[in-house]
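User: Hello! I am new to this structure and would like to learn how to read it. Could you take me through some features step by step?

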Amino acid sequence: MRIAIYPGSFDPVNTGHLDVIRRAARIFDKLYVAVMVNVDKKTAFSCEERVEMLRKVVSGFENVEVVSDDGLLAGFAAKLGAGTIVKGIRNSGDFETEHQMAIINSSLNRELDTVLLPADSRYMHVSSTAVRAVAAVGGDLTGLVPDEILPEVKEKLYRQGQNKK
Ligand code: PNS
């Protein structure tokens with residue numbers, strides 16, 4: 001059985017993430033979507049909220065499971081029996097970052113390989129940073145986050161944006 005893990009901050013899950021999940025779920029028998037800690041990022045949503053939103057948007061995929069961990073990705077992948085890390089890349093900046101991460105993760109766990117999926121042209125501009133920036137000024141998030149979670153993302157991020165004023 002081919003088991004993969006798609007790790008990220010998912011703060012919040014966006015339509016580009018969902019497209020990567022859809023494609024990876026076709027390639028692998030089982031896909032774990034893992035909410036992990038990125039030490040370089042302070043998140044707008046709690047871990048529980050991010051997991052909850054992901055569960056809502058992947059509920060239609062039989063072979064996708066949402067999990068979370070605050071440790072090392074290489075160790076968590078081994079614990080889940082995943083031999084492949086999946087990441088989406090939009091541009092050469094993403095490639096540089098993910099290439100470095102792939103090397104580190106393989107050096108920590110020799111059994112682990114990384115597959116990079118290029119973003120579909122419809123999602124090349126989509127990022128969670130863009131979602132937060134648009135929401136902070138009350139902009140329209142349609143098409144940037146999956147429809148099922150639009151109300152809760154708007155509610156929380158609009159409120160945070162107003163608090164800053
Ligand atoms: O969505 P992101 O922020 O690009 O995802 C980055 C993430 C969470 C996958 C990365 O920071 C990570 O793997 N964190 C877990 C801790 C870890 O293993 N760090 C070393 C990997 S270089």
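Analyst: Gladly! Let's begin with contact, which means heavy atoms within 4.5 Å. Please keep in mind that this is a predicted model.

User: Which residues does D69 touch, not counting residues up to four places away in sequence?

Analyst: With those neighbours set aside, D69 touches V35, M36, V37 and F76. D69 itself sits in the loop between β3 and α3.

User: How far apart are D69 and P7 in sequence and in space?

Analyst: In sequence they are 62 residues apart, while their C-alpha atoms are 9.8 Å apart.

User: Now the sheet, please. What is the order of its strands?

Analyst: First the general idea: strands of a sheet pair through backbone hydrogen bonds, either parallel or antiparallel. Here, 5 strands form an open sheet in the order β3-β2-β1-β4-β5, and the pairing is parallel. The edges are taken by β3 (64–68) and β5 (113–118); each has a single partner strand, so one of its sides has no neighbour in the sheet. From one strand to the next, the twist averages 30°.

User: Over how many bridges do β2 and β3 pair?

Analyst: Strand β2 (residues 30–35) pairs with β3 over 5 bridges, in the parallel sense. One example is L31, whose bridge partner in β3 is V64.

User: Where does helix α3 lie?

Analyst: Helix α3 (residues 73–80) lies across β1 (3–8), β2, β3 and β4 (84–89), and runs at about 145° to β1. Just after this helix, G81 takes a positive phi of about 80°.

User: Which residues of α3 are buried?

Analyst: An α-helix has 3.6 residues a turn, so residues three or four places apart point the same way. In α3, the buried residues are L73, A74, F76, A77 and L80. Viewed down the helix axis, they fall within an arc of 165°, so they line one face of α3. Their cover includes β1, β2, β3, β4 and α4 (92–108).

User: Last one: how many aromatic pairs does the structure hold?

Analyst: There is 1 aromatic pair. The ring centres of Y6 and F10 are 5.2 Å apart with the planes at 85°, so this pair is edge-to-face. Y6 and F10 are both buried.

Conventions
Residues numbered from 1 in each chain as written. Predicted model: local features only at pLDDT ≥ 70, side-chain atom pairs only at ≥ 80, totals over all residues. Heavy atoms only, no water. Phe/Tyr/Trp six-rings, centres within 6.5 Å; stacked < 30°, edge-to-face > 60°. Buried < 20%, exposed > 50% of the residue type's maximum accessible area, 1.4 Å probe, protein only. Pairing = 2+ DSSP bridges. Helix = DSSP H or I, 4+ residues; strand = E, 2+ residues; numbered from the N terminus. Axes fitted to C-alpha atoms, helices over the stretch in contact; angles between N-to-C directions. Arc of directions from axis to C-beta.
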